[in-house]
Amino acid sequence: MADSVVLDPVDLHLLRLLQNDARTTYRDLAAQVGVAPSTCLDRVARLRRAGVILGHRLELDPAKLGRGLQALLSVQVRPHRRELVGPFVERIRALPESRTVFHLTGPDDYLVHVAVADMTDLQRLVLDEFTSRREVARVETRLIFQQWECGPLLPPAAAAPAPAGASAAAPAATP
């Protein structure tokens with residue numbers, strides 16, 4: 001835990017709110033947290049400098065972009081050596097279908113979240129981009145029926161409910 005940052009209740013409240021809606025203005029954040037807008041700006045800037053806030057993301061609906069089928073691909077790479085897995089990961093990350101790549105322990109080396117147009121597109125992806133590679137020993141595919149985002153990420157001791165008056169993050173269903 002040498003990398004953890006000490007966060008006070010105001011920091012935690014700001015993080016809850018920003019994880020709910022990163023586009024919230026500093027004026028609105030300050031009003032909800034009960035500090036001056038300049039204080040709010042300074043605190044968020046400090047959280048960025050400390051590496052607690054890594055960035056902001058735009059969330060898109062894959063189905064509305066013609067990628068209505070999502071799957072998790074469990075991939076086993078053999079031999080599992082750095083000179084093979086480095087180029088493998090670079091190639092998989094560069095695929096437009098790839099959403100997230102996890103390096104794992106256990107029988108599978110990687111878990112890849114992909115979004116494709118349909119079953120034919122998924123089959124093409126698995127055969128042309130995964131199993132055609134010499135280092136890929138096995139691919140197991142699991143279709144994603146539904147996905148939910150969970151509440152805000154906070155330090156373990158701060159995972160208690162938000163302070164009175166704070167809006168809680170309701171899980172949002174995504175296709």
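Before counting any pairing, I noted the cut-off: two strands pair if DSSP finds at least two bridges between them. I also reminded myself that this is a predicted model.

**Entry 1: the sheet**

I began with strand E1 (residues 69-77) and found that seven bridges join E1 to E3, the two running antiparallel. One residue I looked up was Leu72, whose bridge partner in E3 is His113. Next I turned to strand E2 (residues 98-103), which is joined to E3 by five bridges, and here too the run is antiparallel. For Ser98, I found the bridge partner in E3 to be Val114.

Then I put the strands in order. The sheet is open and has four strands, arranged E2-E3-E1-E4 with antiparallel pairing. Which strands stand at the edges? They are E2 and strand E4 (136-144), and each has a single partner strand, so one side of each lacks a neighbour in the sheet. From one strand to the next, I read an average twist of 20 degrees.

I also looked for what packs on this sheet. Helix H4 (residues 82-94) does, and it touches E1, E2, E3 and E4. The direction of H4 makes about 20 degrees with that of E3.

Is strand E3 mostly covered or uncovered? I found strand E3 (residues 110-116) mostly covered, with six of its seven residues buried.

The hairpin of E2 and E3 has six residues between the strands, and in it I spotted Gly106 with a positive phi near 100 degrees.

**Entry 2: Asp109**

I stopped at Asp109, which sits in the loop between E2 and E3. Buried or exposed? I checked Asp109. Its relative accessible area is 3%; buried means under 20%, so Asp109 counts as buried. What does the side chain of Asp109 make a polar contact with? I found the side chain of His80, at 2.9 Å. Leaving aside neighbours within four places in sequence, I listed the contacts of Asp109 as Val75, Gln76, Val77, Arg78, His80, Phe102, His103 and Leu104.

**Entry 3: the helices around H3**

I looked at helix H1 (residues 9-20) and helix H3 (residues 37-49) and found their axes coming within 11 Å and crossing at roughly 80 degrees. Angles of 65 to 115 degrees count as roughly perpendicular, so H1 and H3 fall in that class. On the H1 side I listed Val10, Asp11, Leu14, Leu15 and Leu18, which meet Cys40, Arg43, Val44, Arg46 and Leu47 in H3. Sorting the residues of this H1 and H3 contact gave me seven nonpolar, no polar and three charged.

Tyr26, Arg27, Leu29 and Ala30 of H2 make the contact with Pro37, Cys40, Leu41, Val44 and Arg48 of H3. The residues of the contact of H2 with H3 divide into seven nonpolar, no polar and two charged.

How values were computed. Residues numbered from 1 in each chain as written. Predicted model: local features only at pLDDT ≥ 70, side-chain atom pairs only at ≥ 80, totals over all residues. Heavy atoms only, no water. Axes fitted to C-alpha atoms, helices over the stretch in contact; angles between N-to-C directions. Parallel < 35°, antiparallel > 145°, perpendicular 65-115°, else oblique. Contact = heavy atoms within 4.5 Å. Nonpolar A, V, L, I, M, F, W, Y, C, P; charged D, E, K, R; others polar. Buried < 20%, exposed > 50% of the residue type's maximum accessible area, 1.4 Å probe, protein only. Polar contact = N/O pair within 3.5 Å; in protein donor to acceptor, adjacent residues only side chain to side chain.
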